[in-house]
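Here are my notes on this one, jotted down while going through the model. Have a look at the structure first, then read on.

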Amino acid sequence: MGSSNVPQMAVDAQLAIALYRFGHYGNAISTTMVTLWAGVGYGTIQLVTNCIMTAVCRVGFHQAALYWPNGEEKEEAKQWVEENSCPAWRDGWAMVDGTLVPLYSRLGFYGNAWYDRKSNYSLNVQVCSSSTIVDI
């Protein structure tokens, strides 16, 4: 970020702050709460989050972190789908996306079953989509 004589905070510390923010909601995500948790200045929280998001959105990061299968790997995956599920889905793709819906309190029936990894009671809503594609 610009040319400054101030040394940059360690990347692992920046990432920890950003991930802490991304992993919380409500009052826990407020800059004040994150500042208290991280022990850094109030303005640092927004700067660190911006730095992390800038890095994640860069083309170089995508090229280094994302892997696209080659033709042989695609064919192998298509063959597996054809053999292990519906043959008509061989040339298709599937997508699953989910989100947690917080509940006000613990449910009466099987209450602990609704306790999630973020220490809340919630429902997990997932959207599944499949479609036919020609190729990627």
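1. Arg90 and Asp91 pair up through their side chains in a salt bridge (3.6 Å, N to O); the term means a side-chain nitrogen of Lys or Arg within 4 Å of a carboxyl oxygen of Asp or Glu. Asp91 is partly exposed at 35% relative accessibility, while Arg90 counts as buried at 18%. Buried is under 20% relative accessible area, exposed over 50%, partly exposed in between (1.4 Å probe, protein chains only).

2. Keep in mind that this is a predicted model: local features need pLDDT of at least 70, side-chain atom pairs count only at pLDDT 80 or more, and totals for chains, interfaces and linings use all residues. Residues are numbered from 1 along each chain as its sequence is written, and side-chain values use heavy atoms, with hydrogens and water left out.

3. Arg90 also bridges to Glu82 (2.6 Å, N to O) and to Glu75 (2.1 Å, N to O). That last pair links distant parts of the chain, 15 residues apart: Glu75 sits in helix α5 (residues 71-84) and Arg90 in the loop between α5 and β1 (92-102). Helices (H or I, at least four residues) and strands (E, at least two) are DSSP runs, numbered from the N terminus.

4. Which residues join the salt-bridge network? Glu75, Lys78, Glu82, Arg90 and Asp91. The whole structure has four salt bridges.

5. Over in helix α3, have a look at Met53. Met53 is partly exposed, with a relative accessible area of 34%.
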